[in-house]
Amino acid sequence: MVTLDGVIPGIVDAHVHFYDPMKSTWALSRYARVATMPVINRFPRPALWMSGMLTKKFERLLMIDPSIVRTAYEPRHYGAEAATLHRVAGVGVGSVVHMESHWSGDTSDAASSFDETRYVTGLSFGGGRVPDLGAIVVAADPAHPGFAAAIDAQTGYTPLVRGVRYKWSRHADPQVTQWRRESGVLGSPDFLRGFETLADAGLVFHSFAYSHQLGELDLLARRFPETTIVVEHLGLPVGVFGPVGADTGTTAAARAEILGLWKERIAMLAARPNIVVKVSGLALGVLGYGRETAGTVGGRGVLAEMIGPLVLHVVDRFGPDRVVFGSDMPIDRPNAPLDVVVGALLDVVADRGDYLLGQLFARNAQRIYGIS
């Protein structure tokens, strides 16, 4: 069994969400806080109804297990999960990159984003089995008129802010999560003006979009060749593993078409040297990986078999220096806990050599995010 022992001293996990629904002031926890209000919980039957309603809302909007956002996920929780990695990977996690945790499509609320940054920097990282906080990626909309001021404020508050995440995914299936309804957002004058601010600040741009949208990133990468653009979650080919939404990925032919289009887009983006792919979100429900009743959830072997063609296509096209590992904890955990995700990925790339392993699991993230 291939491990990382002797290859790197520790993994850099470039995609982890930290939050507490009872403390956080940003949009992710809005419904979780409502569900725990005393005025609701004094009445069991209304509370049960509210809980069921919120569960369905989270499942519909996010395609994730709603229990994830009802409980805190902080460094101590992640550290407990990461302690299992020595058995699987031969090393632990040395540092993490916090990824913003806003669920709302409205990322124009600079105060909410700043509140999250204050919260995360106030958590206890490092020491014992808890990894260091290597970097922070904040939520922001480059097209918003207050984008430049918001970025200046956050980078001035902490040098750990190294990137901006923009969720602009949209889909023809009305039951697939929509973050933006309009098309062509990356080419708008307002967006491009904001992106210039991001580029001048030396920040990394994180794109959260679906695979059929990735062509727009090609134009952006050509316009800003010196700015690193990270394509999150392998480019999110919705429904590639199984049915999602109303009618996406419902047949083998449909899934083959999704995979084929995704492969074309990935090959196109690989021609842009400033684009990096994050190997993350490997067990996301939106890919069609989910729920044991659908027969698509399994252990390490099942996950490795499913993600293998996608991961290897990305590695072959982008090479070892433009791929970054991220666990997407705790979002992926109901389908695949941290040790399963790392183990499956190791199984997929085991025969690609130590150089790829070191770059994928640590060194690329250290370079991109300036983590020592």
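Pro330 sits in the loop between strand 8 (323-325) and helix 12. In this predicted model, the peptide bond from Met329 to Pro330 is cis, with omega near 0 degrees. Most peptide bonds are trans. Met329 also takes part in a contact with Glu81, a residue of another part of the chain: Glu81 touches Tyr73, Met329, Arg333, Pro337 and Leu338, leaving aside residues up to four places away in sequence. Glu81 belongs to helix 4 (residues 75-82). Is Glu81 buried or exposed? With a relative accessible area of 13%, Glu81 is buried, because the cut-off for buried is under 20%.

Leu338, one of the residues touched by Glu81, is also part of helix 12 (residues 338-349). At 1.5 Å a residue, the twelve residues of helix 12 should span 16 Å, and the end C-alpha atoms are 17 Å apart, which agrees. Eleven of these twelve residues are buried, so helix 12 is largely enclosed by the rest of the structure. Among the buried residues are Leu338, Asp339, Val340, Gly343 and Val349.

Which residues of helix 8 are buried? They are Phe191, Leu192, Gly194, Phe195 and Leu198. Seen down the axis of helix 8, these buried residues fall within an arc of 160 degrees, so they line one face of the helix. The face turned away from that buried side carries the exposed residues Pro189 and Asp200. On the buried side, the residues pack against helix 7 (147-157), strand 4 (161-167), strand 5 (204-208), helix 9 (215-223) and strand 6 (229-231). Just after helix 8 comes Gly202, with a positive phi of about 70 degrees.

Two of the buried residues of helix 8, Phe191 and Phe195, belong to an aromatic cluster together with Tyr166, Phe205 and Phe224. In the structure there are eleven aromatic pairs. In one of them, the rings of Phe18 and Phe125 have their centres 5.3 Å apart and their planes at 85 degrees, so the pair is edge-to-face. Phe18 lies in the loop between strand 1 (11-16) and helix 1 (30-35), and Phe125 in the loop between helix 6 (110-121) and strand 3 (132-139), so the pair ties together parts that are 107 residues apart in sequence. Both Phe18 and Phe125 are buried.

Trp179 and Phe208 form another edge-to-face pair, 6.0 Å centre to centre and with 85 degrees between the planes. Trp179 lies in the loop between strand 4 and helix 8 and Phe208 in strand 5, so this pair ties together parts that are 29 residues apart in sequence. Trp179 and Phe208 are both buried. Trp179 has a charged neighbour as well: Lys167 lies over the face of its ring, at 4.9 Å from the ring centre.

Most residues other than glycine have a negative phi. Leu234 counts as buried at 2% relative accessibility, and Leu236 is buried with a relative accessible area of 0%.

Pro237 is buried as well, with a relative accessible area of 1%. Pro237 touches Ser211, Ile258, Trp262, Leu287 and Leu310, not counting residues up to four places away in sequence. Pro237 and Tyr210 are 27 residues apart in sequence, but 6.0 Å apart in space, C-alpha to C-alpha.

The whole protein can now be described. Its secondary structure comes to 13 helices and eight strands. Of its 372 residues, 56% count as buried. Among contacts between residues at least 6 apart in sequence, 79% join residues at least 24 apart. The accessible surface comes to about 14800 Å², and 54% of that surface belongs to carbon and sulfur atoms.

Conventions. Residues are numbered from 1 along each chain as its sequence is written. This is a predicted model: local features need pLDDT of at least 70, side-chain atom pairs count only at pLDDT 80 or more; totals for chains, interfaces and linings use all residues. Side-chain values use heavy atoms; hydrogens and water are left out. Helices (H or I, at least four residues) and strands (E, at least two) are DSSP runs, numbered from the N terminus. Buried means under 20% relative accessible area, exposed over 50%, partly exposed in between (1.4 Å probe, protein chains only). Contact means heavy atoms within 4.5 Å. Accessible areas come from the Shrake-Rupley method with a 1.4 Å probe; for residues, only the protein chains shown count as cover. The arc is that of the directions from the helix axis to the C-beta atoms. Rings of Phe, Tyr and Trp (its six-membered ring) pair if their centres lie within 6.5 Å; planes under 30 degrees apart count as stacked, over 60 as edge-to-face and the rest as tilted. A charge sits over a ring if NZ of Lys or CZ of Arg is within 6 Å of the ring centre and within 35 degrees of the ring normal. The expected span of a helix is 1.5 Å times one less than its number of residues.
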